[in-house]
Amino acid sequence: MATSVFIRPLQRHHEIEACARMMAASEPWITLRFDYAASLRALASPGKEIHLAVSGGEVTGFIMLNLKGAFVGYLQSICVAPACRGQGVGRRLVAFAEERVFREYPNLFICVSSFNPGAQRFYRNRGYEVVGELKNFLVDGHSEILLRKTIGSLTEFRKKQATV
Ligand SMILES: CC(C)(COP(=O)(O)OP(=O)(O)OC[C@H]1O[C@@H](n2cnc3c(N)ncnc32)[C@H](O)[C@@H]1OP(=O)(O)O)[C@@H](O)C(=O)NCCC(=O)NCCS
């Protein structure tokens, strides 16, 4: 199934709604109190880039990238439809995010919830390192752990870009 997955940009409003439904029905967003309306607001807010994993005409997952702000190159959300998890879709989406972000910026940042050990392991295995812990950041009693994968300092990255 993973072999037939392709990634494309979100194109139509009903696709945002499908992503918001997927988020709102899944952990970690249930515990983080991101219901459908909050998920839709996050997905539809300006400056977001959303890419869908599609297989057999069905949306099987998505990533939401934020390419503006202080920590530019932020993978704000990744979600794979429950029935499609464990089949390589998440791996493809993260690889796509890295390819996309590392063309323009040398860092990819991700926050993962303290109560989400499966996703923590998923990111650790892909080379993400813990930057720090944001205690009681989204909800009381839980932390968001800020992760980073880097391909070099900003200065060296800009130097290399200038020579290409
Ligand atoms: C986390 C998530 C995006 C991973 O996507 P996926 O399609 O299930 O993962 P893949 O099938 O691509 O698996 C990739 C690897 O991670 C491992 N992995 C994935 N999810 C895991 C989990 N929950 N626990 C342990 N290992 C996991 C797989 O075993 C696989 O290992 P390998 O590369 O050594 O073969 C997906 O499970 C998901 O949407 N979870 C709910 C939402 C969520 O937690 N998002 C992250 C918010 S920060």
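Modeller: What follows begins at the ligand and then moves to the core and the whole chain. This is a predicted model, in which local features need pLDDT of at least 70 and side-chain atom pairs count only at pLDDT 80 or more, while totals for chains, interfaces and linings use all residues. Residues are numbered from 1 along each chain as its sequence is written.

The ligand is surrounded by 19 residues, where a residue counts as near if its C-beta atom, placed from the backbone, lies within 6 Å of the molecule; the closest are Val80, Arg85, Gly90, Arg91 and Gly118. At least two residues of this shell come from each of β4 (74-80), α3 (89-102) and α4 (117-124), and α4 gives the largest share, 4 residues. Helices (H or I, at least four residues) and strands (E, at least two) are DSSP runs, numbered from the N terminus.

Two of these elements, β4 and α3, also give two or more residues each to the largest nonpolar core, which has 31 residues, with Ile63, Leu75, Ala97 and Ile110 having the most contacts inside it. Such a core is a set of buried Ala, Val, Leu, Ile, Met, Phe, Trp, Tyr and Cys residues joined through C-beta atoms within 7 Å, and buried means that 20 or more other C-beta atoms lie within 10 Å of a residue's own. Leaving aside neighbours within four places in sequence, Ile63 is in contact (C-beta atoms, placed from the backbone, within 7 Å) with residues including Leu75 and Ala97.

In the chain as a whole, there are 5 helices and 7 strands, and buried residues make up 26% of the 164 residues.

Note on methods:
Buried ≥ 20, exposed ≤ 12 C-beta atoms within 10 Å, placed from the backbone. Contact = placed C-beta atoms within 7 Å.
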